[in-house]
Amino acid sequence: MTRYMIIRLGQGILALIVGTILVFGLARLTGNPLDLMLPETATPEQRQQMAEYLGLDKPIYQQYFVFIGNAAKGDFGRSLFFYRPVTQIIFERLPATLELGGTAMLFSMLVAIPVGVYAAVKREKWQDSILKVFAIFGQSVPSFWLGIMLILVFAVSLRWLPAGGYGRFDEHLILPALTVSTFSIAGFLRLTRSAMLDTLSTDYVRLARIKGLKERYVIWKHGLRNALIPVITFTGFVLVNAFMGSVIVEAVFAWPGIGQLSYQALLWRDFPLIQGILVFSVALFVLVNLAIDILYVYLDPRVRFTRD
Amino acid sequence: MKDLETMGGPRGDSDTKMEVSDALKTTRKKKGKRMGFGWRFYLPALILAAFVLVAIFADFIAPHNPVKNHLADSLTPPFWQEGAKAEYLLGTDQMGRDILSRLIYGARTSLIVAALGVFLTGIVGTILGVLAGYKGGWVDAVISRAIDVIQGFPLFLVALVLAIVLGASLFNIILIITIMFWVGYARQARAETLQIRESAYVELARIAGCRDFTIAVRHVIPNLLNSIIVIATLGVGSVILLESGLSFLGAGIPPPTPSWGSMCADGRSILTTAWWVSFLPGVAIMAVVLSGNLLGDWLRDKLDPKLRDL
């Protein structure tokens, strides 16, 4: 048990280290930050001064250690565009992204899990086939196009909802949340269905049926509760994506979250900001995955005994 | 099972011979039925075939030059709307460029990206996956951690960062697709190689004196080809979605080359007056991605039911 946890933690830290090296290297690939920050008329002395001020005169591995040391303290430097600490800007944008991502995730789980169970129960029947085609459909629609079409119908033609913008938990949320949900509903649905099919063919479900339990209990209590375990893994994946925001959807709906921020940061070549967002997201991914692994152990006793 | 029993029966007996050939016939028939070439195969296969043909023969099909402006005819509506012109079947955009022709040439862009992207990711992913699974040790450790790290990044954001850092071009888009998508193949190839490595036929090949390379090429790769084909077919959709998403944000295929994603973006600002400029390219993307996914789903059921979680 403990050994398994330590191994997972070690793997997570390794992924984080490699991730930060990649992000750091990527930012350096883009060219000298001095060229971005100083006018072309800067003298060599001024460039030297600026390099010393930014720590760019040190060898690259030392720069990395400085970067990682500051990052560990939550300091990713200052944004080149906003002239404010990167961490501060990220935390300002986080609520809007969490609002959109959280709503979309909750909505897609509420829709997809019951429907996925239904599809598994109706396995290979016409209801199952129709739901399958719907799920494939949901995974095939480009989100930018879906967003534009929703705007066209509900904002431009019907004038029911705003075409974009942000207001805390009001009608602005509906169209972007629908757009984000379409993809994750499809994912949750297919996953729930296949997990349900696996549990419905196990011995304990057969036993529950043999002892005469009502089908309703067999499906929802014995079946779904066990089928939810693999679904949780996907939840973690969706959660991280929700956290980082959907770049496209936030751009289409002018939603002031992390996704839009990263797009703007890229357009302005604001590399400290992009670095901060990427490291933040990798760290988040490692953390969420670790949390899910720990959750797994508590939810599924089999893991506790077999992985020792 | 019954067929096997009859085939294992005593030889020489004419009745049994008859039974054997009958049994073989029914098995063959059953197999044909099991492949089930129904609408789930024909519909997506036809759409994809049309897409490929249109992309290849774009020069002969397209009625206009896709990048030529006809400013006098800008924002002509498609044929079912009032004010349509016969020479622009699907209307024009704000520059007066023929949308049908742009869609046709956009198909070429998407086909190049999808074909090269899927091909390269498949090859890189399979080789690295087989290497990791077969060699084990530090090779496996390095490749597996690389898979973990790449899957740990938010896919679209990293692709966008790379596209802007490296610069928008067809070559870079395919490079980015390869960097981001090889992991799916590698994971599957690694997992299956681990199983195949333990099998009796690999053991026998080794005893017979086969070198590792021969075993990998002759015995391992042919046995995981089914899964790779399924993942590749499903990958067509994700590759096209990624490319069109990047192009939509202006970080993909650089203008004036027509790309369905950037065509969608062109229509955003004129949604109230000329909705078709955004609408039509999206339909094209959806038709191709949906076909790829439907075909991949069908193939998965037929070739490899154990992959159904993908």
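Author: Let us start with burial. In chain A, 38% of the 308 residues count as buried, a residue being buried if 20 or more other C-beta atoms, placed from the backbone, lie within 10 Å of its own, exposed if 12 or fewer, and partly exposed in between. For chain B, with 310 residues, the buried part is 46%. This is a predicted model, in which local features need pLDDT of at least 70, side-chain atom pairs count only at pLDDT 80 or more, and totals for chains, interfaces and linings use all residues. Residues are numbered from 1 along each chain as its sequence is written, while chains are lettered from A and ligands numbered from 1 in the order in which they are written.

Reader: How many helices and strands does chain A have, and how many does chain B have?

Author: Helices (H or I, at least four residues) and strands (E, at least two) are DSSP runs, numbered from the N terminus. Chain A has 14 helices and 0 strands; chain B has 12 helices and 0 strands. The C-alpha atoms of chain A occupy a box of roughly 85 × 60 × 30 Å along the principal axes.

Reader: How is the packing of two helices described?

Author: Two packed helices are described by the angle between their axes and the distance between the axes. Axes are lines fitted to C-alpha atoms, for helices over the stretch in contact, and angles run from 0 to 180 degrees between N-to-C directions. In chain A, α1(A) and α4(A) (residues 60-72) pack at about 120 degrees, with axes 11 Å apart. These two helices are therefore oblique to each other; angles under 35 degrees count as roughly parallel, over 145 as roughly antiparallel, 65 to 115 as roughly perpendicular and the rest as oblique. On the α1(A) side A:T20, A:I21 and A:F24 take part, meeting A:Y64, A:F67, A:I68 and A:A71 of α4(A). That contact has 6 nonpolar, 1 polar and no charged residues, where Ala, Val, Leu, Ile, Met, Phe, Trp, Tyr, Cys and Pro count as nonpolar, Asp, Glu, Lys and Arg as charged, and the others, Gly among them, as polar.

Reader: At what angle do α5(B) and α6(B) pack?

Author: The angle between α5(B) (residues 99-135) and α6(B) (residues 137-152) is about 140 degrees, and their axes are 7 Å apart. This pair is therefore oblique as well. From α5(B) the contact draws B:L128, B:L131, B:A132 and B:K135, and from α6(B) B:G137, B:V139, B:D140, B:I143 and B:S144. These residues divide into 5 nonpolar, 2 polar and 2 charged.

Reader: How many residues does each chain give to the contact between them?

Author: Chain A gives 36 residues and chain B gives 35. The side of chain A that touches chain B has 27 nonpolar, 9 polar and no charged residues.

Reader: Where is confidence lowest in chain B?

Author: Where pLDDT is low, the predicted coordinates should not be read in detail. The pLDDT is the predictor's confidence in each residue, from 0 to 100. In chain B confidence is lowest in α1(B) (residues 2-7), at a mean of 40, and highest in α5(B), at 92. Residues 1-18 of chain B have pLDDT below 50. The model scores ipTM 0.83 and pTM 0.84.

Key:
Two residues are in contact if their C-beta atoms, placed from the backbone, lie within 7 Å.
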